[in-house]
Amino acid sequence: MKALVYQGPGKKALEDRPKPKIAAPTDAIVKIVRTTICGTDLHILKGDVPTCTPGRILGHEGTGVIEEVGAAVTAFRAGDRVIVSCISSCAKCDYCRRGMYSHCVNGGWILGNTTDGTQAEYVRIPFAETSLYRIPAGADEEASVMLSDILPTGFECGVLNGKVQPGATIAIVGAGPIGLAALLTAQFYSPSELIMIDFDDNRLEMSSRFGATTTINNRDGKAVEKIMKMTDGRGVDTAIEAVGLPSSFVTCEDIVAPGGVIANIGVHGVKGDLHLERLWDRNVAITTRLVDTVTTAMLLKTVQSNKIDPKRLITHHFKLDNIMDAYATFGEAAKTNALKVIISVTEA
């Protein structure tokens, strides 16, 4: 089969690899139909994720058709159309029982990290019964791809951790795909203000179309000043960091109101500054999280009922043979205006 393989920092290649086989009775083999690229894949290619070693097939998102199931799998069978969750859950360990699937001692974020991932024609899914979701009849395949990772990540790590409430003032630092996913799902709670901050005018324009009430281009470095003026010097109730840079986290520290929450989503590859000298007396909560995908089933229902349309995040389409072009397009988003790219792998 064809697969996109990480070959070390800055290196990747489309290679021929053996088709995966069932290795445990709880496994399933899924023929991938659609996959995508995540910002985390770019972090891997930069060398920011040491657990991902050269030779690994990348990718942790996608939809497909079950080809084969292990002897212990009873909830799925060959031919079922499924969403591949970015998080694998054994459902038995202490962390899984607490709903922290991302810290599953037997799984967690392993696809495209410590086990071969979804940017390939086939993938082996460990703990299939609790790591796959059946795609309802008539559901859109491309919209379903957005439920693998980006929608639950924006919702859980940004909106839920950020304790977004009706009437609250929210600022999202970073209008990339994950920031826009947080923007879309924050609207479930009817905040009074949804402020998007970025350097890219195209992404800010998209933010306005997705429901942002205010957009701020921070090229002039005055985003903090503008937000404090907008809020009469108070700041925002929730500041969501959706970039993964030290400077964007400091922006969140500078704009959060007393009693507010800083919710980190971004993947941070280097240390950042925590200004406790300014925050120690402000009753501020800082949250971090790797998506647990505990909300995937709920979000699937919201997509099915047309309460949210994640296809709006998709800007480009490629075939697996052109995945190198897909990476180039996604990695140069400021030039290409890319948000999420869809890679067609096989036919259902």
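Strand β8 (residues 169–173) and strand β11 (residues 236–241) pair in the parallel sense over 4 bridges; two strands count as paired if DSSP finds at least two bridges between them. Helices (H or I, at least four residues) and strands (E, at least two) are DSSP runs, numbered from the N terminus. Within this pairing, Ala171 stands opposite Ala239 in β11.

The model is predicted: local features need pLDDT of at least 70 and side-chain atom pairs pLDDT 80 or more, while totals for chains, interfaces and linings use all residues. Residues are numbered from 1 along each chain as its sequence is written, and side-chain values use heavy atoms, with hydrogens and water left out.

The two strands belong to an open sheet of 6 strands, ordered β10-β9-β8-β11-β12-β13, with parallel pairing. At its edges lie β10 (214–217) and β13 (285–287), each of which pairs on one side only. From one strand to the next, the twist averages 15°.

Helix α5 packs on this sheet and touches β8, β9 (193–198) and β11, where contact means heavy atoms within 4.5 Å. The direction of α5 makes about 175° with that of β9. Axes are lines fitted to C-alpha atoms, for helices over the stretch in contact, and angles run from 0 to 180 degrees between N-to-C directions.

Helix α5 (residues 177–186) also meets helix α4 (residues 150–160): their axes come within 8 Å and cross at roughly 70°. The two helices, α4 and α5, are therefore roughly perpendicular to each other (65 to 115 degrees). Among the residues in contact are Ile150, Leu151 and Phe155 of α4, and Ile178, Ala181 and Thr185 of α5.

Note on methods. Parallel < 35°, antiparallel > 145°, perpendicular 65-115°, else oblique.
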